[in-house]
Structures are given as C-alpha cells and as structure tokens.
Amino acid sequence: MQKFKEGQLIIYVNGDSYEIGKIKRIVSDGAFVYYSSGETAAKTPFDLMHPLVNEYCIGETSLGGCMN
C-alpha cells in the first residue's frame with residue numbers, strides 16, 4: 001500500500017477511466033477524495049488510488065471548492 005496524506009493529488013482508476021482527485025481525509029480502508037470543485041468527497045479504496053508523482057507541477061486546483 002502506498003502512503004497517502006491529506007491534500008495530496010492522486011489518480012483514481014475507475015475501470016477504463018481515470019480521474020485526478022485531492023485527498024480530503026484518510027480512513028483505515030481508503031480516503032475521502034474530492035473529484036470536483038464541489039465540497040463533497042467520495043470514499044475511495046487505496047487499491048484504486050495512485051499518487052501523482054509530479055503533483056508539484058500543479059500550482060493551483062479548485063478540487064474541493066478551494067484554490068490550492
């Protein structure tokens with residue numbers, strides 16, 4: 001299992017599609033992740049999440065309703 005942290009950008013693998021998300025909160029079996037600019041986070045299992053290695057290149061995002 002990868003080590004994840006709050007605020008980290010991830011790639012979510014959902015079948016044949018991929019989404020960028022931002023971790024809101026870590027729980028024992030996954031994380032609540034923002035996938036849109038709304039304030040709702042979806043629980044995502046760790047095995048479908050992959051860290052975004054070059055996330056430092058993304059300066060700002062509106063994921064979770066805030067610019068970060």
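Predicted model: local features only at pLDDT ≥ 70, side-chain atom pairs only at ≥ 80, totals over all residues.
View A. Look for a polar atom of the T61 side chain, which lies 3.1 Å from the backbone nitrogen of L63.

**View B. The hairpin of strand 3 and strand 4.** Here strand 3 (residues 30-34) and strand 4 (residues 41-45) run antiparallel, and 5 bridges join them. The link from strand 3 to strand 4 is a hairpin of 6 residues.

**View C. F4 and F46, a stacked pair.** The model has 2 aromatic pairs. One of them is F4 with F46, stacked with 5.7 Å centre to centre and 5° between the planes. F4 comes from the segment before strand 1 (9-14) and F46 from the loop between strand 4 and strand 5, so this pair ties together parts of the chain that are 42 residues apart in sequence.

**View D. Y12 and Y35, a tilted pair.** With ring centres 5.3 Å apart and planes at 45°, Y12 and Y35 make a pair that is tilted. Y12 belongs to strand 1, while Y35 is in the loop between strand 3 and strand 4, so to speak a link between distant parts of the chain, 23 residues apart. Both Y12 and Y35 are buried.

Note on methods
Residues numbered from 1 in each chain as written. Heavy atoms only, no water. Pairing = 2+ DSSP bridges. Helix = DSSP H or I, 4+ residues; strand = E, 2+ residues; numbered from the N terminus. Polar contact = N/O pair within 3.5 Å; in protein donor to acceptor, adjacent residues only side chain to side chain. Phe/Tyr/Trp six-rings, centres within 6.5 Å; stacked < 30°, edge-to-face > 60°. Buried < 20%, exposed > 50% of the residue type's maximum accessible area, 1.4 Å probe, protein only.
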